[in-house]
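Please look through the sequence and the structure first, and then follow the topics below.

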Amino acid sequence: ETTQICTLGNNTTTYIYMTAQSTINCVSFNQTGSCLAIGTSQGYGLYNCSPFGKFHSELAANNASSDTTGGYSIVEMLFSTSLVALGGNGASPQLSPRTLRLINTRRGTVVCEISFPTPVLSVQMNRGRLVVLLALQVYVYDLPTLSLLRVIDRAPTRSHQVCVSAG
């Protein structure tokens, strides 16, 4: 089964292939808008926008023996680098929504895994900072060293958005 994601101006259509059981949980652009990240109930995919095409994916069907494959509710890229932040949807114990995993897609390695007291609602990165939004707190990390710089308490809101300038 396929899901149409984009019809280009020259009347060509690009499809993202998904199983019938797969659900799209999140869609985000990188900081320059040149790449698209999609998290599904079965894995995630990273796509170039121009020309449109997949350049990396981790899907349960492709890697059934991996304990890191499954559903993702957060997929955020750092510009066009191989650094990706992943937040699980809780479908399996290894993909807790309270754990943020930074991975290097080129090497296929986990750079770091950070656990939080409550589920991660949103993540943003720029070249210097990693910002993680929880229901009542915002965690700010120095991205190059992954050291925690500050925890900011916040009032509960319905908004699950956090914005960080690209600079």
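A residue is called buried if its relative accessible area is under 20%, exposed if it is over 50%, and partly exposed in between, as found with a 1.4 Å probe on protein chains only. The model is predicted, and for this reason local features need a pLDDT of at least 70 and side-chain atom pairs count only at pLDDT 80 or more, while totals for chains, interfaces and linings use all residues. Residues are numbered from 1 along each chain as its sequence is written, and side-chain values use heavy atoms, with hydrogens and water left out.

**Overall make-up**

- The protein has 14 strands and zero helices, where strands (E, at least two residues) and helices (H or I, at least four residues) are DSSP runs numbered from the N terminus.
- Of the 167 residues of the protein, 42% count as buried.
- Among the contacts in the protein with a separation of 6 or more, 31% are accounted for by residues 24 or more positions apart, a contact being heavy atoms within 4.5 Å.

**Confidence**

- The average pLDDT of the protein is 83, and 75% of the residues score at least 70; pLDDT is the predictor's confidence in each residue, on a scale from 0 to 100.
- Confidence is lowest in strand β1 (residues 2-7), with a mean of 47, and highest in strand β14 (residues 147-153), with 97.
- Over residues 61-65 the pLDDT stays under 50, and for this stretch the model has three contacts beyond four places in sequence.
- Where pLDDT is low, the predicted coordinates should not be read in detail.

**An open sheet of four strands**

- An open sheet is formed by four strands in the order β3-β4-β5-β6, with antiparallel pairing; two strands are said to pair if DSSP finds at least two bridges between them.
- The edge strands of this sheet are β3 (24-29) and β6 (52-59), each of which pairs on one side only.
- From one strand to the next, the twist averages 15°, an angle between axes that are lines fitted to C-alpha atoms, with angles running from 0 to 180 degrees between N-to-C directions.
- Strands β3 and β4 pair over five bridges in the antiparallel sense, and here S28 stands opposite A37 in β4.
- On its other pairing, strand β4 (residues 35-40) meets strand β5 (residues 43-49) over six antiparallel bridges, where A37 stands opposite L46 in β5.
- Strands of a sheet pair through backbone hydrogen bonds, either parallel or antiparallel.

**Turns, loops and backbone angles**

- Most residues other than glycine have a negative phi, and most peptide bonds are trans.
- The hairpin of β3 and β4 has five residues between the strands, and G33 in its turn has a positive phi of about 75°.
- A further antiparallel pairing joins strand β9 (residues 99-104) and strand β10 (residues 109-115) over six bridges, and within it L102 stands opposite C112 in β10.
- In the hairpin of β9 and β10, with four residues between the strands, G108 takes a positive phi near 70°.
- The peptide bond from S50 to P51 is cis, with omega near -5°, and P51 is found in the loop between β5 and β6.
- L146 is not a glycine, although it has a positive phi of about 60°; L146 lies in the loop between β13 (137-142) and β14 and counts as partly exposed, at 23% relative accessibility.

**Aromatic rings**

- A search of the whole structure finds five aromatic pairs, where rings of Phe, Tyr and Trp (its six-membered ring) pair if their centres lie within 6.5 Å, and planes under 30 degrees apart count as stacked, over 60 as edge-to-face and the rest as tilted.
- One of these is the stacked pair of Y47 and F52, at 5.5 Å centre to centre and with 10° between the planes; Y47 is buried at a relative accessible area of 6%, and F52 is buried at 16% relative accessibility.
- Y139 and Y141 also form a stacked pair, at 6.4 Å centre to centre and with 15° between the planes, and both residues are buried.
- F116, Y139 and Y141 form one aromatic cluster.

**The surroundings of F79**

- F79 is placed in the loop between β7 (72-77) and β8 (83-88), and its phi is near 50°, a positive value in a residue other than glycine.
- At 10% relative accessibility, F79 counts as buried.
- The charged end of R127 sits over the ring of F79, 3.8 Å from the ring centre; this description requires NZ of Lys or CZ of Arg within 6 Å of the ring centre and within 35 degrees of the ring normal.
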